[in-house]
Amino acid sequence: MTRTTYFAHSHESLEPERWHRLSRHLENTGERAAAFLDAVGAGNLCRTAGLLHDLGKYSEEFQQRLAGKAARVDHSTAGAQAALKRYPGPLGKIVAYCVAGHHAGLANGVNGEQIGALADRLAALPPPLDPIWKTEVALPELQPPTIKPRDSSYAGFSASFLIRMVFSALVDADYLDTEAWFSEVDGRSSPRGNWPGLERLLQRLDSYLTELSARAAPSDVNRLRQQVLTRARTVAAQRPGLFTLTVPTGGGKTLSSLAFALEHAVRHGQQRVIYVIPFTSIVEQTAAVFRHALREGPLDPANFVLEHHSAFDEDRIGEREARDKLRLAMENWDAPIVVTTAVQFFESLFANRPSRCRKLHNIANSVVILDEAQTLPLSLLVPCVSAMDELSRNWRSSIVLCTATQPAFQARHGFNGGLVDVREIAPDPKRLYRQLRRTRIRHAGTLDDAQLTERLLGSRQSLCIVNTRRHARELFEAHRPTPGSFHLTTAMCARHRSDVLSDIRERLDGGRPVRLVATSLIEAGVDVDFETVFRAEAGLESIIQAAGRCNREGRCGMGDVYVFEPAPGPGRAPSPELAQFASAARSALRRHEDPQSLAAVTDYFREVYWLKGPELDAHRILAQLNERRASLDFPFETIARQFRLISSDMVPVIVPYAGRSSRDRIVSRLLEELRWVERPGRIARLLQPYVVPVPRRVRERLLAAGAVSVIRADDFAEQFVVLTNPDLYRHDTGLIWHDPEYLSAESLVY
């Protein structure tokens, strides 16, 4: 019997004739995909990919599978082959990559790894297609998009970026059309969309800033903050492109950058604001600031501000419908305001899996604020800077580098392949730095722990930042009995750190004694204000960030920041890379009277980047792409594996931390639920605030000692490793692992 109707999806509650028509799914997917990138000239390619992505379902084998036959059928290869046959040449190959990978992921052009290479897929023999597809699928003529590489050495990078963007639009359109059909069949309304427009959010921000200005006490700092804000809103009228916002700590960067972004997006028809932050620890803080500034009224939860990071606690969102809506928005970033991490943002731009790439098309035609961009790892700096340039050059995104220590990423600074035509938003940054300077940075020479302890105790409110967790713990132990002593490192889970910071802020605001020993996690964006700061030798950007935790409000004239060299000892030596940064910082301190000046910062970064040279693209990602620019045989899967912003041997341990909040009591319930749940994704997200990263070898020792256990190893491997010896987690220092068989004295008393 000859079929006259082919289907894309079946449903157990429907008769076969009411299943999802394949021709309709292909047409709808093509239209959705085209709409995503029409504004940047790639809609034609997206539409074609959508029309061809499920072409393999025009086979008897696939239709029998829909009817219940338990057989795996390749339904992606046929569309990829049809693309190259209909469009021989580069445009056809671009579509073929996307169609072939829309389930498995973008493959290497040749020499596949876990995914079969595109070349192998194109040579395969998929199930034959019914020729009826040619009467149901009207393929358009393809026009090349207006993608202009920076120069010939970036042609491969630009072409690979185009493929990723078209792939993203196809994957998201496919998901959305499939989801819409199933929702309709099941009688469910989709919680997606219905966000407030950017114009409305800009009006809300205007009202909030007006109220904030009216309440602010007259002061030099507040006047300077107002100048920064006013200038940001003026510059927002300029054409989309590359910008810097160079403002010292305390100058109001966060709200000024949001004001610029919303004003700029509204003026130029851009679709969203994406705020990229280096550390998970301050994503929640920044999102809370935005929600407060953009809410309709005191009871508005402002759930249109999407947090996307590993530690997002969706239980903070009250209504189930709102939680579902935000969870769906995480998949493709279709919310108007997205606050995420550098790991999420940049690793997605170089990913190959559909789930990671799905959001990419929503970065196009958006305003991207990169907070503290100087924290990007040097080994991937060239690909990251190239991605910023590409988004601005060809995808109508505006990129803002927002920091107090502006990295020397521009070509005029001597950075090879650096950014060009970059405009500064802040009014006269040199003057701002002079007027907002509230600290003196001095070198204190070599200090051992006894000397450091004496100096810390000699100040009523002091902060000491060291380079290793071991040093922080041992230095804290030296003065732990003293009232007001605190410790803060990643040996404590995120929820624990939040509780400690809350206690510290309360004591600081009340003028009570505080002596905090911490690692560098305290430096970026953590809102604390100490009279005196000590910083172990590190890069100049770290020293200046540490200074940002001192005398923030200018209450004590000029605050003192002492840079010191830790006395030799176990756990004190910096890593080789950190030693290089510290050496470059010492050079800047010698050459510049004011090490916090813009000239000193630029000088420092120039030296660091010159020292690193080829190591700024350690995996030769640009070279790999450029070498294949003619054939388009790009190694997508290989690059996705290589591009990791955090490349360490650290693995997670879940700790049953019982904090002051009732939500911290749910850890045991979640762990119990893990023992039977089929899909652990939601629980994994909820447990993230209770995770401590440890070296892999340490976790192996803890496992051998019975101090941790693995939940359902057969199902989840070692994804869920839980601390079972509670004596190894202390309320003041977090997880201790130097002796995994340790039992506290209290636990031995019955």
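Reader: Why are α2 and α8 called oblique to each other?
Author: Helix α2 (residues 43-52) and helix α8 (residues 155-186) pack at an angle of about 50 degrees, with 9 Å between their axes. Angles under 35 degrees count as roughly parallel, over 145 as roughly antiparallel, 65 to 115 as roughly perpendicular and the rest as oblique. The pair is therefore oblique. The axes are lines fitted to C-alpha atoms, for helices over the stretch in contact, and angles run from 0 to 180 degrees between N-to-C directions. Helices (H or I, at least four residues) and strands (E, at least two) are DSSP runs, numbered from the N terminus.

Reader: And what should I keep in mind about the model itself?
Author: This is a predicted model, where local features need pLDDT of at least 70 and side-chain atom pairs count only at pLDDT 80 or more, while totals for chains, interfaces and linings use all residues. Residues are numbered from 1 along each chain as its sequence is written, and side-chain values use heavy atoms, with hydrogens and water left out.

Reader: Which residues of α2 meet which residues of α8?
Author: Leu 45, Cys 46, Ala 49 and Gly 50 of α2 meet Leu 162, Val 166, Ala 169 and Leu 170 of α8. Contact here means heavy atoms within 4.5 Å.

Reader: How many residues of the contact of α2 with α8 are nonpolar, polar or charged?
Author: There are 7 nonpolar, 1 polar and no charged residues. Ala, Val, Leu, Ile, Met, Phe, Trp, Tyr, Cys and Pro count as nonpolar, Asp, Glu, Lys and Arg as charged, and the others, Gly among them, as polar.

Reader: What makes α10 roughly antiparallel to α17?
Author: Look at their angle: helix α10 (residues 220-235) and helix α17 (residues 429-436) cross at roughly 160 degrees, and their axes come within 11 Å. That value puts α10 in the roughly antiparallel class relative to α17. In this pair, Val 221, Leu 224, Gln 227 and Val 228 of α10 meet Arg 431, Leu 432, Gln 435 and Leu 436 of α17. By class, that gives 5 nonpolar, 2 polar and 1 charged residues.

Reader: Why is α14 called roughly perpendicular to α16?
Author: Helix α14 (residues 342-349) crosses helix α16 (residues 381-394) at roughly 75 degrees, and the axes come within 11 Å. With that angle, α14 counts as roughly perpendicular to α16. Phe 345, Phe 346 and Leu 349 of α14 make the contact with Cys 384, Ala 387, Met 388 and Leu 391 of α16. The class count is 7 nonpolar, no polar and no charged.

Reader: Which residues touch the most other members of the largest nonpolar core?
Author: Phe 345, Phe 346 and Trp 395 do, in a core of 214 residues. Helix α8 supplies the largest share of this core, 12 residues. A nonpolar core is a set of buried Ala, Val, Leu, Ile, Met, Phe, Trp, Tyr and Cys residues joined through side-chain atoms within 4.5 Å. There is also a second, separate core of 13 residues, with Leu 447, Leu 452, Val 517 and Ala 536 among them.

Reader: How do you know that Trp 333 counts as buried?
Author: Buried means under 20% relative accessible area, exposed over 50%, and partly exposed in between (1.4 Å probe, protein chains only). Trp 333 has 0% relative accessibility, so Trp 333 counts as buried. You will find Trp 333 in the loop between α13 (320-332) and β6 (337-341).

Reader: What about Phi of Trp 333?
Author: Phi of Trp 333 is near 55 degrees, a positive value in a residue other than glycine. For background, most residues other than glycine have a negative phi. Arg 620 also has a positive phi, near 55 degrees.

Reader: Why does Arg 620 count as partly exposed?
Author: Its relative accessibility is 42%, so Arg 620 counts as partly exposed. Arg 620 sits in the loop between α23 (598-612) and α24 (621-626).

Reader: What makes Ile 274 buried?
Author: Ile 274 has a relative accessible area of 0%, so this residue is buried. Ile 274 belongs to strand β4 (residues 273-277). Not counting residues up to four places away in sequence, Ile 274 touches a group including Trp 333, Phe 345 and Ile 363.

Reader: And why does Ala 547 count as buried?
Author: At 4% relative accessibility, Ala 547 falls in the buried class. Ala 547 is part of helix α21 (residues 540-547). Leaving out residues up to four places away in sequence, Ala 547 touches Thr 439, Ile 441, Val 561 and Gln 596.
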